[in-house]
Amino acid sequence: MKLAISISGKKLSSPFDARFGRAAAFCIVDTETGKWEAFDNPALSASGGAGVQASQFVAEHGAEAVASGAFGPNAFDTLDAANVEMYLAPGNKAHTAAEVLEMFKAGQLPKAEAATHEGHHGGSH
Amino acid sequence: MQIVTASGKGGTGKTTVATSLALIAAEQDSVRFLDCDVEAPNAGLFLEPVLDARKEVGILIPQVDEETCTYCGKCAEVCQFHAIAVVGKKTLVFPELCHGCGSCTLVCPENAITEHLNVMGVLEGGSTPEQIDFAQGVMNVGEPMAVPIIRELKKWIPDSSSEIEIWDAPPGASCPVVETIRGADFALLVTEPTPFGLHDLKQVAEIVKELDIPAGVVINRDGIGDSAVEAYCEDSALPILIRIPMERRIAEAIASGKLLLEAAPEYRPDFEAMLKTIVAEVSA
């Protein structure tokens, strides 16, 4: 299975980033072979709709599951429509992407069944 | 002629100045007053119009016909606001992210998108006892975008033949303020002589300069703070048109819904002179 992990660097040893839409990057890893690739998150500096854009991005890159710290309503709806499963990794302690991958493989990450918080949309438009 | 009152900082006295200016102007000319602070319109509390016209406004948002859509993704690609997403065999629309630009409808090769009004607020209009033609926008609670309502308010009854229009801007220096100021003939920048007043005055002064609109300054609560606003106005060649002192009786009158000129009629000549100056400046 291809798993996307939100990270703040470009390596498997980079720290996990608990934000989804505003994560610095995504590491997309094949959980069977361990093969991985990292991508800058194109939604990082979006003025709005970061959750939607990041969701489309990971779906387009073939992710079947995502591990992040939180999913807003728009990200949840988009990932859900794309049949991408969402898993919640703990953001209260520093972990690396590799550690999150191990937790996922061990079945320790709970599945997000709904958006974890309200939308951030708004700002000054 | 369109005169806009703006300030940057909230609570400096935009509405206080705008409503009394409208009162003076209405003694000679036909006046239209637009309360563009659609998040919290309050000029009506002072001008007391009878509101008998109402119109729902918003933006046109896309609706995708699932039968016709081929999921090509062109709509999602063109959307600058990520308000439309195509994932697999689904096209999702996020109304609260949509700015109503219509690009998705334009680029859809299958004509699968139709547009529908997403109501964001109402316009209300009527007349005041002084026969001021009054209108305000009222944004629905929870709406994130004020600009579409302000845009519609400024277009409402466009053939209005009023000689003087007064547009009362929202506080701040972001999109809703720019939308309000755009197209005005003169900007009345209401400030207070404090570091906060000055900081925001500078931002709004930059906006009116960028829009190439002549401006003048009203210093409200004169006597508090420092002289930095005065120094800035002098450096920037911004004329100070009126100074209204910090006085408890004025604050009390405003708090009870009275107009400044009702509470302090001695400022009437200052307002008359200010209006004359603005008219002369715009007509020059």
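Chain B is divided by its domain assignment into domain 1 (2–48 + 129–283) and domain 2 (58–119), with bounds that come from an automatic or database domain assignment. Taken over C-alpha atoms, the centres of domain 1 and domain 2 of chain B are 38 Å apart. Before we go further, please keep in mind that this is a predicted model, in which local features need pLDDT of at least 70, side-chain atom pairs count only at pLDDT 80 or more, and totals for chains, interfaces and linings use all residues. Residues are numbered from 1 along each chain as its sequence is written, while chains are lettered from A and ligands numbered from 1 in the order in which they are written.

Let us stay with chain B for an overview. Its C-alpha trace spans about 70 × 40 × 40 Å along the principal axes. The secondary structure comes to eleven helices and eleven strands; these are DSSP runs, with helices being H or I of at least four residues and strands E of at least two, numbered from the N terminus. Of the 284 residues of chain B, 47% count as buried, where buried asks for 20 or more other C-beta atoms within 10 Å of a residue's own, exposed for 12 or fewer, and partly exposed is in between, with C-beta atoms placed from the backbone. Among contacts in chain B between residues at least 6 apart in sequence, 74% join residues at least 24 apart; a contact here puts two C-beta atoms, placed from the backbone, within 7 Å.

Now to the sheet of chain B. Nine strands form an open sheet with mixed pairing, in the order β3-β6-β7-β2-β8-β1-β9-β10-β11, and two strands pair if DSSP finds at least two bridges between them. At the edges stand β3 (50–64) and β11 (240–245) of chain B, each with a single partner strand, so one side of each has no neighbour in the sheet. Neighbouring strands of this sheet are turned by 20° against each other on average, direction ignored. Helix α11 (residues 268–283) of chain B packs on the sheet, touching β1 (2–6), β9 (186–191) and β11 of chain B, and its direction makes about 160° with that of β11(B). For such angles, axes are lines fitted to C-alpha atoms, for helices over the stretch in contact, and values run from 0 to 180 degrees between N-to-C directions. Strand β10 (residues 215–222) of chain B runs parallel to β11(B), joined by five bridges, and B:V218 stands opposite B:I242 in β11(B).

Where do the chains meet? In all, 18 residues of chain B are in contact with 19 residues of chain A. On the side of chain B that touches chain A, β4 (84–87) and β5 (90–93) of chain B each supply at least two residues. The residues of that side divide into twelve nonpolar, four polar and two charged, with Ala, Val, Leu, Ile, Met, Phe, Trp, Tyr, Cys and Pro counted as nonpolar, Asp, Glu, Lys and Arg as charged, and the others, Gly among them, as polar.

β4(B) and β5(B) pair in the antiparallel sense over four bridges, and B:I84 stands opposite B:V93 in β5(B). In their hairpin, which has two residues between the strands, B:G88 takes a positive phi near 60°. B:G88 counts as exposed, with 11 C-beta neighbours inside 10 Å. Leaving out residues up to four places away in sequence, B:G88 touches A:A82 and A:N83.
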